[in-house]
Amino acid sequence: DFAKMDIKNLIFELTTADFIGSVRNCQKVIKDNIAPFVDKILERHDGTLVAEISGDENVILLEAHIDQVGFVVTEVFDDGFVRVDKVGSPDIRTLPASELVIYGKKAVYGTVCSTPPHLQKGSAEKFSQPSEMLVDTGLSKDTKSIISVGDFVAFSIEPKLLQNDNITAKSLDDRTACAALIKASEIIKNSNIK
């Protein structure tokens, strides 16, 4: 069960870190965790990491991706509000009242504002697009000195332990695959398979 907790903690660490646009802190988490089990790591300009275990002439490629869906700032207002639009295809049904982190000159947390169903025009079943919503950062006059158009934005969701040893987190599809590759590297290194 130690290995189970080890992989779970690794998944928690991977899903807490972000990788969207120029925000690449998940890359460092992967690099730090896989480095003890590989012989060489190549970092490409696009954020790709290539980890290699030396061996004979046979080559096996194991691949996963770490990018994630999110948003980009499209408009900044003096009163602490910002407007965002999609990067990738985030599920907009989960957006109202979501907590986000905006990667400006420093990380700024905000909440997506939404119109209550009884005040919406038209059907309450219709979901607004992100470009129609505002994110409240709680900042005041200094908003534009911290946040700029083009800054990347990610969901701010902490991973949680659920019943029956299950977990919930953002970017699980990508990050569990990365955790599996790190674990596979550890198994290969410890078994001296080359």
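Strand 6 (residues 107-112) and strand 7 (residues 135-136) run antiparallel and are joined by two bridges. The model is predicted, so local features need pLDDT of at least 70 and side-chain atom pairs count only at pLDDT 80 or more, while totals for chains, interfaces and linings use all residues. Residues are numbered from 1 along each chain as its sequence is written, and side-chain values use heavy atoms, with hydrogens and water left out. Strands are DSSP runs of E with at least two residues and helices are runs of H or I with at least four, numbered from the N terminus; two strands pair if DSSP finds at least two bridges between them.

Thr-111 stands opposite Asp-136 in strand 7. Six strands close into a barrel in the order 3-4-7-6-5-8, with antiparallel pairing.

The largest pocket is lined by 33 residues. A pocket is an open set of points on a 1 Å grid over the protein atoms alone, where a 1.4 Å probe fits, with protein on both sides within 12 Å along at least five of seven lines; lining residues have an atom within 4 Å of a point. Ala-51, Glu-52, Ile-60, Leu-61 and Leu-62 lie nearest the pocket centre. Helix 2 (25-34), strand 2 (49-52) and helix 4 (172-191) each give two or more residues to this lining, and helix 4 gives the most, with five residues.

| Lining class | Count |
|---|---|
| Nonpolar (Ala, Val, Leu, Ile, Met, Phe, Trp, Tyr, Cys, Pro) | 20 residues |
| Polar (the others, Gly among them) | seven residues |
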